[in-house]
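Work through the exercises below with the sequence and the model open beside you, and try each task before reading its solution.

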Amino acid sequence: MSAWLEQPKDLLANVGEGAKFSAKIMGQVYSLRVLRFLGEALRQAGVLITSSTVVIWGLVFIIGLQCGLEGAYFTRSIGSPAYAGVFAAWCDLRELVPYAFGYMMAAKVGTGIVAELGSMRISEEIDALEVMGFDSVLFLCATRLLASWLVLPFMYVAAIGAGFFASYLTVVEQVGDVSSGGYLLIFWMFQNPPDLLYSLIKAMSMATVIVLVGCYYGYNANGGPVGVGTATAKSMVVNLIMVHLIGMLGTQLFWGANPRAPIGG
Amino acid sequence: MPFIPKRRGRDDDDRPETEDTAVHPTAGSGRKDDVAVPDDTGLFVDPDEGRASTTDDTELDLPDDRTEDVDQRAPLTRLSGNAEESRRESSAGTGGGVSVVREPQAEDPDDEYQWHTGIRRPTGNPDAVEFVETHKAFGRNKILRGLNMGLPEGMISMILGPSGTGKSVCIKHMVGLLYPDDGDVLVHGESVPSMGLDHLLGMRQKFGVLFQDGALFGSMNIRDNVAFPLRQHTDKPDKDILEIVDRRMDEVGLGAAWDKFPNELSGGMRKRAGFARALVLDPSIVLFDEPDSGLDPVRTALLGELIQEIHQETMEDAREKNWPHMPAFTLITHDIMTARRVSQFINVVWKGRIVESGPADELFDSDNAFVNQFLAGASRGPLGMN
Ligand SMILES: Nc1ncnc2c1ncn2[C@@H]1O[C@H](COP(=O)(O)OP(=O)(O)OP(=O)(O)O)[C@@H](O)[C@H]1O
Ligand SMILES: [Mg+2]
């Protein structure tokens with residue numbers, strides 16, 4: 001029985017430490033100390049763009065296709081094919097794109113950070129940085145957080161665009177029960193500008209948490225290569241939990257009292 | 001080992017428990033039959049200090065109130081005295097008692113510290129780095145156990161000792177990557193454990209460190225690795241930086257391999273690249289953790305010469321520019337030939353303490369059995385495989 005409790009206990013034990021560590025990193029970014037290593041932050045931003053953008057857009061595009069397809073056939077089956085746009089307007093923007101983005105961030109960026117920092121830790125590269133007189137948290141973690149804040153908002157908005165475009169493609173071009181104008185009318189009717197902002201906030205909270213969790217597990221890795229592997233796996237679990245938590249709370253908070261569909265009851 | 005027997009050995013000793021000889025090196029001067037050896041700090045180092053038995057360690061872990069408690073129990077245990085107890089009692093005599101006769105105990109095979117005279121032969125130079133009664137444990141594994149060690153300015157010092165004694169751990173203490181559990185580490189007279197982060201980061205720029213495994217950044221080629229500290233800490237134009245870097249790379253014979261990444265290099269090449277990186281900022285304290293391991297014999301000899309040359313250069317530089325502190329180079333090595341050729345000062349460390357230290361030629365003539373065995377690389381002597 002105790003073996004079953006081991007893992008959640010372990011996770012909880014890390015919460016306090018992790019929160020302190022994260023607060024430190026956020027502080028370094030907010031206080032602009034991180035600008036001392038602006039070059040490194042821009043380099044990290046470059047890495048983020050070249051290594052992760054296409055994957056995330058691709059994933060979101062496929063989700064958009066699925067969503068459009070199911071929306072089109074479902075609305076056809078209940079005799080209101082014109083309303084397929086609701087699926088895209090709501091589900092894409094509010095849920096699926098943020099989740100897809102969160103999953104991909106956790107899988108690609110989060111684990112990447114853990115593996116990179118973790119191997120730097122065990123090969124004493126972080127120690128070497130420290131010894132050369134660098135604040136290693138500032139240099140390694142704060143720069144990554146800043147890089148993600150610089151890049152991800154744009155990447156995310158573009159991802160929403162990709163999702164919408166994919167839904168449009170399936171509904172209007174492939175299934176074709178509704179005209180382009182009819183689709184867009186409903187599509188725009190069921191969302192307003194704040195929705196985009198809310199969605200962005202949701203996604204950026206996920207991204208921030210993922211980067212911080214990655215930094216925490218990577219920076220504090222120990223126990224050799226095996227330790228880095230374990231840390232990567234643990235960070236993935238924590239990140240998925242956090243993505244869902246943020247997804248759920250965000251929906252309740254932003255759209256719970258939405259007069260169009262008060263999901264908050 | 002419990003410390004109760006030891007307390008008996010010191011029944012006539014009314015100093016409080018923590019005022020042990022192991023904690024205050026000067027306190028041992030109360031002993032009659034020891035010749036106290038002055039070191040250059042003007043303090044007296046008790047040659048018998050290292051002999052305090054292993055029970056010291058157990059003792060230091062106890063909170064004060066518990067030692068009180070045990071004091072009262074001591075007579076009881078004495079009454080119950082079994083054979084085991086009395087055997088311990090005889091060995092406990094070595095435990096730094098005040099008026100214990102020393103002769104028979106020196107032969108005691110159980111005494112871990114019988115070879116640790118802790119003598120520090122003076123050099124006349126101030127210490128760049130100083131360990132004062134430093135203790136460090138990882139969990140139950142005690143690594144440093146009251147280390148008193150100095151690395152004099154203006155000299156090439158060596159830290160020699162068996163594998164796993166904590167030499168690399170020492171280096172990490174000097175640069176504030178690890179903090180001592182007890183005691184202090186001073187760099188140019190400033191206490192490292194009590195520095196704030198910014199102060200510490202500034203202090204570290206005095207250091208050039210070569211880690212045991214090189215610790216090159218895997219994401220950069222070796223030229224960028226060597227240039228890294230210069231690029232981040234100076235405003236020199238890139239052309240000047242690369243000039244300095246290429247000179248250092250040529251010195252260690254890596255001029256042609258500059259565009260290789262660390263994972264494409266052999267262990268010895270990584271070492272040499274790390275060596276170049278450690279020196280690129282002209283540090284005043286240089287720490288090399290086994291710069292010669294993984295090198296062929298010729299390269300090892302050349303590296304020794306290179307270290308001497310660079311030290312000479314840095315000394316001249318320091319004199320010219322009136323550096324407040326002369327450059328102190330420190331090598332950790334297992335290669336006795338390097339030690340013979342290069343070293344000017346030697347610290348022999350074993351079991352978390354100094355066995356003996358002093359100018360190299362004096363130490364090579366030492367009559368300490370452990371020092372002799374170690375510096376000769378002999379298989380017979382106090383040091384075995386365990
Ligand atoms: N971070 C750590 N956590 C736990 N134990 C450690 C740690 N670092 C070192 N040790 C332990 O400290 C002891 C001394 O290690 P250290 O690397 O200083 O040895 P060393 O004297 O440099 O040996 P070698 O000559 O083989 O390099 C070892 O027993 C090691 O297990
Ligand atoms: Mg070592």
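This is a predicted model in which local features need pLDDT of at least 70 and side-chain atom pairs count only at pLDDT 80 or more, while totals for chains, interfaces and linings use all residues. Residues are numbered from 1 along each chain as its sequence is written, chains are lettered from A and ligands numbered from 1 in the order in which they are written, and side-chain values use heavy atoms, with hydrogens and water left out.

**Exercise 1.** Find which residues coordinate the magnesium ion (ligand 2).

Solution. Take as donors the N, O and S atoms within 2.8 Å of the metal (3.2 Å for Na, K and Ca), remembering that water is not among the atoms, so sites may look incomplete. The ion is then coordinated by OG of B:Ser168 and OE1 of B:Gln212, at 2.0 to 2.2 Å. Because B:Ser168 lies in helix H6 of chain B and B:Gln212 in the loop between strand E9 and helix H8, the pair ties together parts that are 44 residues apart in sequence; helices (H or I, at least four residues) and strands (E, at least two) are DSSP runs, numbered from the N terminus.

**Exercise 2.** Determine which residue forms a salt bridge with A:Asp127, and whether A:Asp127 is buried or exposed.

Solution. A salt bridge requires a side-chain nitrogen of Lys or Arg within 4 Å of a carboxyl oxygen of Asp or Glu. The partner is A:Arg121, with the closest N and O atoms 3.4 Å apart. Buried means under 20% relative accessible area, exposed over 50%, and partly exposed in between (1.4 Å probe, protein chains only); A:Asp127, at 11%, is therefore buried, whereas A:Arg121, at 22%, is partly exposed. Finally, A:Arg121 and A:Asp127 are linked with A:Glu124 and B:Lys172 in a network of salt bridges.
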